[in-house]
Amino acid sequence: MKDRLKDTFDDLTLAFEGGESNQSGMERVQSLLAEITALKENHIILVSHGNLITLLLRSFNDTYGFNHLMSMTNPDVHKITLKQAGEADIQRIWS
């Protein structure tokens, strides 16, 4: 099972029957980020499953991938501070 999941990070366009590719998931995440950054709120909490959180983090830093997903705990918490030009400071704050 993990090998198949790893395959989806090796090939972001890979989608299994009834599912979406990681590329499609990243597009959903980027659409959500566009909506969020248009809001006037300063603090927003997002809750999701590990794979989508990994894709969210990857949208800021492409070093996030399968190994990061496998090292996450359940639950896990990351603080993302948005900067200008699509950059972000990412901190894991769960211990």
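Visitor: At what angle do α2 and α3 pack, and how far apart are their axes?
Guide: The values come from a predicted model. Two packed helices are described by the angle between their axes and the distance between the axes. Angles of 65 to 115 degrees count as roughly perpendicular, so α2 is roughly perpendicular to α3. For this pair, the angle is about 70° and the axes are 9 Å apart.

Visitor: Is the crossing of α2 and α3 left-handed or right-handed?
Guide: On the α2 side, the contact is made by N22, G25, M26, R28, V29, Q30 and L33. From α3 come N51, L52, L55, L56, R58, S59 and F60. The crossing of these two helices, α2 and α3, is right-handed.

Visitor: How do the residues of the contact of α2 with α3 divide by class?
Guide: R28 of α2 and R58 of α3 both take part in the contact, and Arg counts as charged. The contact divides into two charged, five polar and seven nonpolar residues.

Visitor: Which element gives the most to the lining of the largest pocket?
Guide: The largest pocket has a volume of about 910 Å³ and is lined by 29 residues. At least two lining residues come from each of α2 (22–37), α3 (50–60) and β1 (78–82). H78 and I80 are among the residues that lie nearest the pocket centre, along with I44, I45 and L46. With five residues, the element that gives the most is β1.

Visitor: Which residues does the cis peptide bond join?
Guide: P75 sits in the loop between α4 (66–71) and β1. Omega is about 10° for the cis bond. The residues joined are N74 and P75.

Notes: Residues numbered from 1 in each chain as written. Predicted model: local features only at pLDDT ≥ 70, side-chain atom pairs only at ≥ 80, totals over all residues. Heavy atoms only, no water. 1 Å grid on protein atoms, 1.4 Å probe; cavity = no way out; pocket = protein on both sides within 12 Å on 5 of 7 lines; lining within 4 Å. Points joined across faces, edges and corners; volume = space filled by probe spheres on them. Helix = DSSP H or I, 4+ residues; strand = E, 2+ residues; numbered from the N terminus. Axes fitted to C-alpha atoms, helices over the stretch in contact; angles between N-to-C directions. Parallel < 35°, antiparallel > 145°, perpendicular 65-115°, else oblique. Left-handed = near helix turned anticlockwise from the far one by under 90°. Contact = heavy atoms within 4.5 Å.
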